[in-house]
Amino acid sequence: MEYSELYAKRIHQLCKQRGLSINKLADMAGLRQSSIDNIVNGRTKNPGTVNLHKIALAFGMTLAEFLDFEELNNYSFEE
């Protein structure tokens, strides 16, 4: 799995858990829906810290909490 795919997976999981659509998440984060669509569909490989922070806040999380998940923590850059 590519590094950027981990963000997409995390966003999908959190949206599902919270019953949010990508459109609703975009509204809550103050981002365009296309920006989040590009992240979750793999067109944006490096979404940037500011966008990830806005997404985290929309989920009611700190950026650290948003980035603290098993797949990312166990990611190996050597593969």
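Predicted model: local features only at pLDDT ≥ 70, side-chain atom pairs only at ≥ 80, totals over all residues.
## Helices that pack together

On the outward side of helix α4, the residues T49, V50 and L57 are exposed.

Helix α4 spans residues 49–58, and L52, I55, A56 and A58 are its buried residues. Why do these residues sit on the same side of α4? They cover an arc of only 160° around the axis, so they share one side of the helix.

What do the buried residues of α4 pack against? Their partners are α1 (3–18), α2, α3 and α5 (63–67). Just after α4 ends, the chain reaches G60, which takes a positive phi of about 75°.

Helix α3 runs over residues 33–40. Its buried residues include S35, I36, I39 and V40. Viewed down the axis of α3, the buried residues fall within an arc of 125°, so they line one face of the helix. The cover over these buried residues includes α1, α2 and α4. After α3 comes G42, and its phi is positive, near 80°.

### How α2 meets its neighbours

Helix α2 takes up residues 22–29. Two packed helices are described by the angle between their axes and the distance between the axes. The table gives both values for each pair.

| Helix pair | Angle between axes | Distance between axes |
|---|---|---|
| α2 and α3 | about 120° | 8 Å |
| α2 and α4 | about 105° | 8 Å |

Take α2 and α3, which pack at an angle of about 120° with their axes 8 Å apart. Because of that angle, α2 counts as oblique to α3. The crossing of these two helices is right-handed. On the α2 side, the residues in contact are I22, N23, L25 and A26, and they meet Q33, I36, D37 and V40 of α3. Sorted by class, this contact of α2 with α3 has five nonpolar, two polar and one charged residues.

Now take α2 and α4, whose axes are also 8 Å apart, at an angle of about 105°. That angle makes α2 roughly perpendicular to α4. Here L25, M28 and A29 of α2 meet K54, I55 and A58 of α4. By class, the contact of α2 with α4 has five nonpolar, no polar and one charged residues.

Is L25 buried or exposed? Its relative accessibility is 0%, so L25 counts as buried. Leaving out residues up to four places away in sequence, L25 touches I11, C15, I36, I55, A58 and F59. The C-alpha atoms of L25 and L63 are separated by 15 Å, with the two residues 38 apart along the chain.

C15, one of the residues that L25 touches, belongs to helix α1. With a relative accessible area of 4%, C15 is buried. Again not counting residues up to four places away in sequence, C15 is in touch with L20, S21, I22, L25 and F59. Ten residues separate C15 and L25 along the chain, and their C-alpha atoms are 7.6 Å apart.

Finally, visit helix α5, where A64 has its place. A64 is exposed, as its relative accessible area is 57%. How far apart are the C-alpha atoms of A64 and Q17? They are separated by 19 Å, and the residues lie 47 apart along the chain.

E65 is found in helix α5 too. With 41% relative accessibility, E65 counts as partly exposed. Which residues does E65 contact, once its neighbours within four places in sequence are left aside? Those contacts are R10 and G60.

Note on methods
Residues numbered from 1 in each chain as written. Heavy atoms only, no water. Axes fitted to C-alpha atoms, helices over the stretch in contact; angles between N-to-C directions. Helix = DSSP H or I, 4+ residues; strand = E, 2+ residues; numbered from the N terminus. Parallel < 35°, antiparallel > 145°, perpendicular 65-115°, else oblique. Left-handed = near helix turned anticlockwise from the far one by under 90°. Contact = heavy atoms within 4.5 Å. Nonpolar A, V, L, I, M, F, W, Y, C, P; charged D, E, K, R; others polar. Buried < 20%, exposed > 50% of the residue type's maximum accessible area, 1.4 Å probe, protein only. Arc of directions from axis to C-beta.
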